[in-house]
Amino acid sequence: MPIPWRDAMSHALYGPDGFFVAGGGPADHFRTSVHASPAFATALLRLVKQVDAALGHPPRLDVVDVGAGRGELLRALAGLAVGVSGEPTHSGRSGLIPAWAGSPETPTSTASVRRSPDGPSSGTVRRSLAERVRFTAVEYAHRPENLPEEINWTAEIPDEINGLLIATEWLDNVPLDVAVHTTEGWRYVLVDPDSGVETVGELVNAADVDWLNTWWPSPASPSSASGDPDLGLTWSDATSPETPHSDYQRAEIGRSRDEAWANAVRQISRGLAVAVDYGHLREGRPVDGTLTGYRGGRQVPPVPDGSSDVTAHVAMDSVASAGAAVARCAYSLISQAEALRALGADGGRPPLSLAGTDPAGYVRALAAASAVAELTDPAGLGGHLWLHQPVGIGLPPAVAR
């Protein structure tokens, strides 16, 4: 029986036997920035340090990963944070900008003394980042058996977050409705969960029409179009209400993603929310939408039967606006390449002279640079957009613009 895409995605991805709940997790089916290179976690640790500094090095620093998979990112961050020294210092251009004072690469003794801005002039002892940080993974799947005990595991975003909330490729899997533009206006697209065959349903409700008019406008000059044979959506004839009459045959209604992101931002008392995802902006919405599936490392038709990922790119400007309305702070929206370079991952090749003085080090540095290049390639993972939404603090130096 055909049902709305939002309902189909919800069951297929997050039901009892859903794609993200059962099995080995997303890493078995597709590659993300977290899996591509340790440099991704290293860059995020630098961002954690910047947020920590902006918050005045609080007694508890939260790092919350929404859509955590099987905890891969937090495992890496927890490992880097141990002892405060986040990674070995690199020499030359190894894909990472050399360490700076106070960075994760610069060890800071737990006995370091600083003057407390609120305490007596005699100063206080600052505990290390590893002692203060609290990692929380947000995911519907059961807690992995071998997850380090210092990582909390929950199905819901905690409240009163004081620190960093990171959502890497989460919003693209927040279920949404799909619509098609017809002679009568926007109508919902329905889908058979077992076969993926689509049909046209009822007119879109007022709230979704408002979202479409604001964030996914129809072009001025209409044109007729046929259905999408790959997905089974067809229209009977040129005069029926189901006949699309604009260049935008389909639209993915991002209102549910706006609400999800606004709710995530609302849980932050002070800190920074970061969404990293494939996305698009109002002036460049995709004509036929982006709904697709992934299974076993390959792109497949989006059949919402629970056997594959079902995903659609994110209307990042709409999400950003929703978050800003809650946080009442300016946001930053930049490419992954720009974000990672600002955090030290530049993908630069090491100097050839290093090959003569340290051949093994040169090979390692070259491999690191190659991995960073994958993270920043605009045709691949570098095509992600980074949304930085501060709450009660200024934008960190690496993203302020």
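Start with His 57, which sits in the loop between α3 and β2; helices (H or I, at least four residues) and strands (E, at least two) are DSSP runs, numbered from the N terminus. His 57 has a positive phi of about 55°, although it is not a glycine. With 22% relative accessibility, His 57 counts as partly exposed (buried means under 20% relative accessible area, exposed over 50%, partly exposed in between, with a 1.4 Å probe and protein chains only).

Before you click on, a word about what you are looking at: this is a predicted model, where local features need pLDDT of at least 70 and side-chain atom pairs count only at pLDDT 80 or more, while totals for chains, interfaces and linings use all residues. Residues are numbered from 1 along each chain as its sequence is written, and side-chain values use heavy atoms, with hydrogens and water left out.

Now zoom out to the whole protein. The protein has 401 residues, and 52% of them count as buried. Colour the surface next: the accessible area comes to about 17,300 Å², of which 53% belongs to carbon and sulfur atoms (Shrake-Rupley method, 1.4 Å probe; for residues, only the protein chains shown count as cover).

Time to go inside. Select Leu 44, Leu 77, Phe 135, Val 274 and Trp 386: of the 36 residues in the largest nonpolar core, these touch the most other members. Such a core is a set of buried Ala, Val, Leu, Ile, Met, Phe, Trp, Tyr and Cys residues joined through side-chain atoms within 4.5 Å. Elements that give two or more residues to this core include α3 (38-54), α4 (72-81), β7 (161-168) and β12 (268-277). Which element gives the most to this core? That is α3, with eight residues.

Stay on Leu 44 and show its surroundings. Leu 44 touches Leu 73, Leu 77, Ile 166 and Trp 386, not counting residues up to four places away in sequence; a contact means heavy atoms within 4.5 Å. Apart from this core lies another, of 25 residues, among them Ala 264, Val 265, Ala 320 and Leu 387.

Next, pick Asn 162 in strand β7. Asn 162 counts as buried, at 17% relative accessibility. Leaving out residues up to four places away in sequence, Asn 162 touches Leu 55, Pro 58, Arg 60, Leu 61, Asp 62 and Arg 270.

Hop over to Thr 182, in strand β8 (residues 177-182). Is Thr 182 buried or exposed? At 0% relative accessibility, Thr 182 counts as buried. Its side chain reaches the backbone oxygen of Gly 185 at 2.8 Å.

Now for a sheet. Select β14, β15 and β16: they make an open sheet of three strands in the order β15-β14-β16, with antiparallel pairing (two strands pair if DSSP finds at least two bridges between them). At the edges stand β15 (298-300) and β16 (309-311), each with a single partner strand, so one side of each is left without a neighbour in the sheet. Strand β14 (residues 292-295) and β16 pair over three bridges.

Last stop: Arg 328, in the loop between α8 (316-327) and β18 (332-335). Arg 328 has a positive phi of about 55° although it is not a glycine. Arg 328 is exposed, with a relative accessible area of 74%.

Note on methods
A polar contact is a pair of N or O atoms within 3.5 Å; within protein, one must be able to donate a hydrogen and the other to accept it, and residues adjacent in sequence count only if both atoms are side-chain atoms.
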